Amino acid sequence: MLNYGAFVSVGFILSLYLQYLKGYHPLIAGLVVSIQAVMMLLVSPFAGKLADKIAPENVSTAGMVITTLGVALMTLINFQNAHYLGIISLIIFGGGIGLFYASNTKVVLSAVDNNYLGVASATLSNSRSLGQIFGLGIVSLVISAIMGQAQITPSNYPELIESIRISLGAIALLSGLGIFTSLFKD
């Protein structure tokens with residue numbers, strides 16, 4: 001749940017950053033943010049094969065560690081390093097997500113009897129959705145607590161920057177908690 005919340009939240013936060021603070025057209029911002037999805041697509045097949053060879057729980061935990069590292073790097077982004085650090089952190093973040101998703105699915109589905117695969121798959125899907133709602137809820141809470149009801153304008157960009165930084169920090173902490181929960185499975 002924590003990993004899924006990070007995935008959606010980071011995309012939302014970065015789209016705000018790129019559009020408002022960097023002045024990117026929404027299409028360009030979307031293409032930049034999609035780097036994480038491309039990495040996920042590239043890494044997931046490798047993660048699935050790796051999860052077949054070694055304990056999928058370990059692959060899943062490694063994915064959480066890498067995801068957390070990617071989000072933590074994003075908290076260091078500023079106007080001077082945004083291009084290279086942003087791309088590097090998205091690559092790391094997307095790779096971690098790709099490692100986590102495939103191996104975590106294997107862990108969940110292999111933990112139940114074949115008669116309950118549908119229930120396990122539905123539970124995983126619900127967990128994914130709850131994580132996304134939870135992550136976006138945290139980001140929305142942070143933004144509204146700092147910016148209130150104000151529209152995003154150049155006059156309140158400092159508050160938006162603070163909101164983004166705090167949101168990324170919160171998501172990094174939650175991802176770190178995901179490492180802890182992944183390590184202690186029983």
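Modeller: Let us start with burial. Isoleucine 13 has a relative accessible area of 1%, and because buried means under 20%, this residue is buried. Please keep in mind that the model is a predicted one.

Biologist: In which helix does isoleucine 13 lie, and which residues does isoleucine 13 touch, leaving aside those up to four places away in sequence?

Modeller: Isoleucine 13 belongs to helix H1. Apart from residues up to four places away in sequence, isoleucine 13 touches Val139, Ile164, Ser167 and Leu168. For a residue-to-residue distance, consider leucine 99: its C-alpha atom is separated by 22 Å from that of isoleucine 13, and the two residues are 86 apart along the chain.

Biologist: How should I read the angle at which the axes of H1 and H4 cross?

Modeller: Angles under 35 degrees count as roughly parallel. The axes of H1 (residues 2-21) and H4 (residues 56-74) cross at roughly 25° and come within 11 Å, which means that H1 is roughly parallel to H4. Their crossing is left-handed. On the H1 side the contact is made by Asn3, Val10 and Leu14, and on the H4 side by Met64, Thr67, Val71 and Met74. Sorted by class, this contact of H1 with H4 has five nonpolar residues, two polar and no charged ones.

Biologist: At what angle do H2 and H3 pack, and how far apart are their axes?

Modeller: Helix H2 (residues 26-33) packs with H3 at an angle of about 30°, the axes being 4 Å apart. H2 is therefore roughly parallel to H3. Leu31, Val32 and Val33 of H2 meet Ile35, Gln36 and Ala37 of H3. By class, the contact of H2 with H3 comprises five nonpolar residues, one polar and no charged residues.

Biologist: Let us turn to charge. How many salt bridges does the count come to, and which residue forms a salt bridge with aspartate 52?

Modeller: Side chains of opposite charge can pair when their charged atoms come close. The count here comes to one salt bridge. Aspartate 52 forms a salt bridge with lysine 106, and their closest N and O atoms are 2.5 Å apart. This pair links distant parts of the chain, 54 residues apart: aspartate 52 is in helix H3 (residues 35-53) and lysine 106 in helix H5 (residues 82-110).

Biologist: Is aspartate 52 buried or exposed, and how does lysine 106 count?

Modeller: Aspartate 52 is exposed, its relative accessible area being 54%. Lysine 106, at 31% relative accessibility, counts as partly exposed.

Conventions. Residues are numbered from 1 along each chain as its sequence is written. This is a predicted model: local features need pLDDT of at least 70, side-chain atom pairs count only at pLDDT 80 or more; totals for chains, interfaces and linings use all residues. Side-chain values use heavy atoms; hydrogens and water are left out. Axes are lines fitted to C-alpha atoms, for helices over the stretch in contact, and angles run from 0 to 180 degrees between N-to-C directions. Helices (H or I, at least four residues) and strands (E, at least two) are DSSP runs, numbered from the N terminus. Angles under 35 degrees count as roughly parallel, over 145 as roughly antiparallel, 65 to 115 as roughly perpendicular and the rest as oblique. A crossing is left-handed if the near helix is turned anticlockwise from the far one by less than a right angle, and right-handed if clockwise. Contact means heavy atoms within 4.5 Å. Ala, Val, Leu, Ile, Met, Phe, Trp, Tyr, Cys and Pro count as nonpolar, Asp, Glu, Lys and Arg as charged, and the others, Gly among them, as polar. A salt bridge is a side-chain nitrogen of Lys or Arg within 4 Å of a carboxyl oxygen of Asp or Glu. Buried means under 20% relative accessible area, exposed over 50%, partly exposed in between (1.4 Å probe, protein chains only).
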